[in-house]
Amino acid sequence: MSDYDYSLVPPRKWGWYVENDPGLHCPADKVVELTPNGLAYTGECYNPNWGGGYTIGFQTCHEFMANGPLAEQMPEATAFEIRAHLEAHRTPGSAPVLTLVVRMPSPEKRWLERCDCSLDGAYLTTTPGTPQTYENRIFQSPIALGKHHFEAAFITQGEPPGIAYSKPIDFEVQAGQHCTLEFAVADRAATAKITLTEAR
């Protein structure tokens, strides 16, 4: 997935202000925080009626280096500084990879709309598959070595629509391992299976 490991790059935060967020139509402060697992984007909207903090998304360092920042009006100087920081501290080699898989037992009756989840306290941006599919690979990304904490809620559509919660999951990956979290989603709960495999 990547020829570099970014998990040991020193953590940092970068912030910027925009006069008008095109999605929220209000002034906003935006922040990107570099974590061992990637870049977490958040914002603070200054609308007097409904403003407040909000989550923007998550991006791997590999995605940032290949495609640039998420489309959040980041100044070019800030993007240049982040890129220089990553290039200065990354190390050759591949990090472990986390894969999230969701299985729907009866996709013709209930299917996955989205997954709200966090890894080590940072919200992850997931991409569910097409509606009414049995298996959904919703996320795959390099992560840091060591211990991790994961939480998730699965929003489903069907008759009736619903939400299923997974118990918090703690897992650990060693050098040369990849981790797959496979969830079986029922009406109100999701059970997880953890599989560790050796990287090829």
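**Rings and strands**

The charged end of Arg90 sits over the ring of Tyr4, 3.7 Å from the ring centre. The criterion: NZ of Lys or CZ of Arg within 6 Å of the ring centre and within 35 degrees of the ring normal.

Ground rules. This is a predicted model, where local features need pLDDT of at least 70, side-chain atom pairs count only at pLDDT 80 or more, and totals for chains, interfaces and linings use all residues. Residues are numbered from 1 along each chain as its sequence is written, and side-chain values use heavy atoms, with hydrogens and water left out.

Now the aromatic pairs. A pair of rings is described by the distance of the centres and the angle of the planes. Here, rings of Phe, Tyr and Trp (its six-membered ring) pair if their centres lie within 6.5 Å; planes under 30 degrees apart are stacked, over 60 edge-to-face, the rest tilted. How many aromatic pairs does a search of the whole structure find? Three.

Take Phe58 and Phe139. Their centres are 6.1 Å apart and their planes at 55°, so this pair is tilted. Helices (H or I, at least four residues) and strands (E, at least two) are DSSP runs, numbered from the N terminus. Phe58 is buried, at 7% relative accessible area. Phe139 is buried too, at 7%. Buried means under 20%, exposed over 50%, partly exposed in between, with a 1.4 Å probe and protein chains only.

Next, Phe154 and Phe183. This pair is tilted: 5.0 Å centre to centre, 55° between the planes. Phe154 lies in strand β11 (residues 146-158) and Phe183 in strand β14 (residues 177-185), so the pair ties together parts 29 residues apart in sequence. Phe154 is buried at 0%, and Phe183 at 1%. Ring pairs also bring Phe150 into a cluster with Phe154 and Phe183.

On to the sheet. It is open, with four strands in the order β2-β3-β4-β5 and antiparallel pairing. Pairing takes at least two DSSP bridges between two strands. β2 (13-18) and β5 stand at the edges with a single partner strand each, so one side of each has no neighbour in the sheet. β2 and β3 (residues 28-35) pair over six bridges. Trp16 has Lys30 in β3 as its bridge partner.
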